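This report describes a protein model through its strand pairing, its nonpolar cores and its charged contacts. Please keep the sequence and the structure in view while reading.

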Amino acid sequence: MALAALVLLVLLAHGWVTELLAEQMAGLGLSQAMPARMEVTYVRDMALAAAPVAAPAAPVPAPLPAAVARPARAASAPERSASRALPDRARAPPAAPVPDPPVEVAKNLPADEPLPSDTPPPAPEPLAPPPPQSTLQAVAGVASEPASAPQSQVAPFDWPESTRLSYKLSGNVRGEVHGDAQVEWIRVGSRYQVHLDLTVGLSFAPLMTRRMSSDGDITPEGLSPRRYDQDTKVGFGARQRVAVQFEPDAVVLANGQRRERWPGLQDTASQFIQLTYLFSTRPDLLRPGASIDVPLALPRNVSRWVYDVLDEEIVYTPIGPVPAFHLKPRRSVLKGGDLSAETWFAPQWRYLPVRIRIQQDADTFIDLVIARKPQLAAP
């Protein structure tokens with residue numbers, strides 16, 4: 001019996017070592033094809049933007065006294081006589097100023113269903129400029145440009161330096177889970193990387209880890225991914241890795257299928273920073289009731305995603321209550337293991353996401369809430 005137990009123990013140890021070596025060899029081959037991770041040092045916390053103050057309403061000039069007011073036309077002799085005959089209190093008071101007509105707010109169009117995955121998104125129609133000093137602009141602290149201002153006067157978007165956001169994690173993955181997460185935005189010249197790292201359980205003995213990474217270029221239209229990688233490990237199970245390659249005119253999915261590359265196509269990780277870029281350059285897009293189209297390449301399909309802008313909400317965090325706009329995808333439950341994400345963007349934190357809810361199905365989700373001030377690297 002002792003000999004049998006020893007043989008069984010040796011076989012188990014041999015199998016474990018074999019699996020470990022196979023995993024390391026597979027990881028070595030994949031890591032050689034993956035872009036090297038950019039390394040930066042974070043040196044300071046991001047300063048909270050000053051609370052915006054709404055522009056005061058233009059004062060209404062008081063009507064001039066009758067003795068000073070200039071008549072619109074010369075009065076006739078009978079009128080002058082009648083005016084002198086009446087006492088001051090009997091004279092008709094000056095006409096009250098006529099208020100400007102109210103600005104009609106565009107009503108939200110009915111929500112349409114997302115297009116099939118093989119239909120490219122329609123060309124976006126030009127949006128009308130927002131009304132001057134709208135409520136959203138007052139909240140975001142962005143002054144409206146005059147309607148006649150030429151486009152050349154608008155300052156170009158200044159991409160933020162490398163930034164790290166730290167989150168506390170909670171949710172349900174075959175039971176209640178807790179952990180930590182980080183989102184890193186790293187840029188060096190015109191290259192960028194976005195990393196979303198999740199750890200479920202204790203950091204030294206995690207139940208699950210997942211990294212979602214995007215690598216690509218910064219262009220005048222925003223982010224242009226080159227590659228997306230997803231690395232998942234659950235307990236003592238084998239590591240699962242998938243990759244999506246972005247070519248100039250095509251996208252190669254994790255299963256090797258090739259799809260057309262649509263203009264503005266993003267991946268699971270880059271979409272968060274791309275939306276930050278859009279809201280920073282077009283704060284009028286964060287209008288409750290509006291919708292935003294994002295062409296998205298997931299590991300298994302390419303499709304057009306529609307995010308609805310809900311009302312502004314308060315996200316309660318360890319750094320205090322944070323006003324943020326809630327974006328919710330119209331498709332929240334997917335098949336095949338792909339993920340969807342609800343996101344809360346905070347104007348006072350440069351439109352960065354202060355809360356992210358990632359959902360795989362109705363019973364599997366994680367909720368990330370920012371745990372400290374964003375950290376910035378040296379410029």
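## Strand pairing

Gly 189 adopts a positive phi near 65° in the hairpin of β3 and β4, where two residues lie between the strands. The model is a predicted one. Strands β3 and β4 run antiparallel and are joined by ten bridges. Within this pairing, Ala 181 is placed opposite Leu 198 of β4.

Strand β3 (residues 176-188) also pairs with strand β2 (residues 163-172); these two run antiparallel, with ten bridges between them. Here Thr 163 faces Trp 185 of β3 across the pairing. The hairpin formed by β2 and β3 has three residues between the strands, and Arg 174 in its turn shows a positive phi of about 55°.

## Nonpolar cores

The largest nonpolar core comprises 47 residues, and Val 354 and Leu 368 have the most contacts inside it. Strand β4 (residues 191-201) supplies the largest share of this core, with five residues.

The surroundings of Val 354 can be described in detail. Leaving aside residues up to four places away in sequence, Val 354 touches residues among them Tyr 167, Trp 344, Trp 349, Leu 368 and Ile 370.

## Salt bridges

The count of salt bridges in the model is 17.

| Pair | N to O distance |
|---|---|
| Arg 37 and Glu 184 | 2.4 Å |
| Arg 37 and Asp 197 | 3.5 Å |
| Arg 372 and Asp 45 | 2.8 Å |

Arg 37 is partly exposed, with a relative accessible area of 25%, while Glu 184 is buried at 9%.

The salt bridge of Arg 37 with Asp 197 reaches strand β4, so it ties together parts that are 160 residues apart in sequence. Asp 197 counts as buried because its relative accessibility is 16%, under the 20% limit.

In the salt bridge of Arg 372 with Asp 45, Arg 372 lies in the loop between β16 (364-370) and β17 (375-377) and Asp 45 in strand β1, so the parts tied together are 327 residues apart in sequence. Arg 372 is partly exposed at 33% relative accessibility, and Asp 45 is partly exposed as well, at 38%.

Arg 226 is located in strand β6 (residues 222-234) and counts as partly exposed, at 39% relative accessibility. The side chain of Arg 226 makes a polar contact of 2.9 Å with the side chain of Asp 217. Apart from residues up to four places away in sequence, Arg 226 touches Arg 191, Asp 215, Gly 216, Asp 217, Val 244, Gln 245 and Phe 246. The C-alpha atoms of Arg 226 and Ser 214 are 7.6 Å apart, although twelve residues separate them along the chain.

The side chain of Lys 233 reaches two backbone oxygens: that of Gly 235 at 3.0 Å and that of Gly 237 at 3.1 Å.

Key
Residues numbered from 1 in each chain as written. Predicted model: local features only at pLDDT ≥ 70, side-chain atom pairs only at ≥ 80, totals over all residues. Heavy atoms only, no water. Core = buried A, V, L, I, M, F, W, Y, C linked by side-chain atoms within 4.5 Å. Buried < 20%, exposed > 50% of the residue type's maximum accessible area, 1.4 Å probe, protein only. Helix = DSSP H or I, 4+ residues; strand = E, 2+ residues; numbered from the N terminus. Contact = heavy atoms within 4.5 Å. Pairing = 2+ DSSP bridges. Polar contact = N/O pair within 3.5 Å; in protein donor to acceptor, adjacent residues only side chain to side chain. Salt bridge = Lys/Arg side-chain N within 4 Å of Asp/Glu carboxyl O.
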